[in-house]
Amino acid sequence: MRAKLSYALTAAVLVFYFVLVGSRGVMLIQSGTLITVTFGVAVLILPLIGVWFLWKNTQFVRRANALAAELDAEGGLPVDELQRTPAGRIDRDSADEVFAKRRAETEAAPDDWRSWFRLAVAYHDARDTPRARKAMQRAIALHDGRPVQQL
């Protein structure tokens, strides 16, 4: 719940920023000179890119959460078998060990979205966020029946 609130707060701040920047871009365009119109258009492009980025990330999170809920209903969520340091951080060797299991599971069933979801969690636990995101995107595509690129 804490992560959802944090994400919602960050998204709200970003939307406020996009509106603020967008209004400045409109003000520059309304000035009417060649330079201010050019800058105004350039300034308006930034919030558009930001809105697109926020939208894509929100969709990704919603789809990933839907897969997690479906997997939870099936009883297929990965069990937390990671060892932790006294400070509560995940032990690197433990994460590598679990990752090896998840990778073998995914290699055995490369068309199963469930194994890709669990692999994404293992990547995340191993602090490899880019690969975790790619694995989750693949899980989402497999779940939705969309074609996936070969890795």
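What follows is a walk through the structure, from overall fold to single residues. This is a predicted model, in which local features need pLDDT of at least 70, side-chain atom pairs count only at pLDDT 80 or more, and totals for chains, interfaces and linings use all residues. Residues are numbered from 1 along each chain as its sequence is written, and side-chain values use heavy atoms, with hydrogens and water left out.

Start with the fold. The protein has five helices and zero strands. Helices (H or I, at least four residues) and strands (E, at least two) are DSSP runs, numbered from the N terminus. Along the sequence the pattern reads α-α-α-α-α. H1 spans residues 2–31. H2 covers 34–74, H4 covers 113–125 and H5 covers 129–144. H3 takes in residues 92–108.

Now the overall dimensions. The C-alpha atoms fill a box of roughly 65 × 40 × 25 Å along the principal axes. The radius of gyration is 21 Å, whereas a compact globule of 151 residues would have a value near 15 Å. That radius is taken over C-alpha atoms, and the globule rule is 2.2 Å times the number of residues to the power 0.38. Buried residues make up 30% of the 151 residues. Buried means under 20% relative accessible area, exposed means over 50%, and partly exposed lies in between (1.4 Å probe, protein chains only). Among contacts with a separation of 6 or more, 47% join residues 24 or more positions apart. A contact means heavy atoms within 4.5 Å.

The largest nonpolar core has 18 residues. Such a core is a set of buried Ala, Val, Leu, Ile, Met, Phe, Trp, Tyr and Cys residues joined through side-chain atoms within 4.5 Å. Leu67, Trp113, Trp116, Phe117, Tyr123, Met136 and Ala139 have the most contacts inside this core. H2, H4 and H5 each supply at least two of its residues. H4 gives the most, with seven. A second, separate core has five residues, including Leu82, Ile90, Val98 and Ala126.

Look at methionine 136 in the main core. Leaving out residues up to four places away in sequence, methionine 136 touches Phe60, Ala64, Leu67, Phe117 and Ala120. Met136 also lies nearest the centre of the largest pocket, together with Phe60, Val61, Ala64 and Asn65.

That pocket has a volume of about 710 Å³. On a 1 Å grid over the protein atoms alone, a pocket is an open set of points where a 1.4 Å probe fits, with protein on both sides within 12 Å along at least five of seven lines; lining residues have an atom within 4 Å of a point. Grid points are joined across faces, edges and corners, and the volume is the space filled by probe spheres set on the points. The lining has 19 residues. H2 gives the most, with eight. By type, the lining divides into 11 nonpolar, five polar and three charged residues. Here Ala, Val, Leu, Ile, Met, Phe, Trp, Tyr, Cys and Pro count as nonpolar, Asp, Glu, Lys and Arg as charged, and the others, Gly among them, as polar.

Some single residues are worth a stop. Asparagine 57 lies in H2. Asparagine 57 counts as buried because its relative accessible area is 15%. Beyond four places in sequence, asparagine 57 touches Tyr7 and Arg133.

Valine 26 is partly exposed, at 37% relative accessibility. Methionine 27 is partly exposed too, at 46%. The C-alpha atoms of valine 26 and alanine 135 are 40 Å apart. Those of methionine 27 and tryptophan 55 are separated by 25 Å.

Then come two loops. Arginine 84 is in the loop between H2 and H3. At 41% relative accessibility, arginine 84 is partly exposed. Neighbours within four places aside, arginine 84 contacts Arg89, Ile90 and Asp91. Ile90 is also part of the second core.

Arginine 127 is in the loop between H4 and H5. Its relative accessible area is 48%, so arginine 127 counts as partly exposed. Its phi is near 65°, a positive value in a residue other than glycine. Most residues other than glycine have a negative phi.
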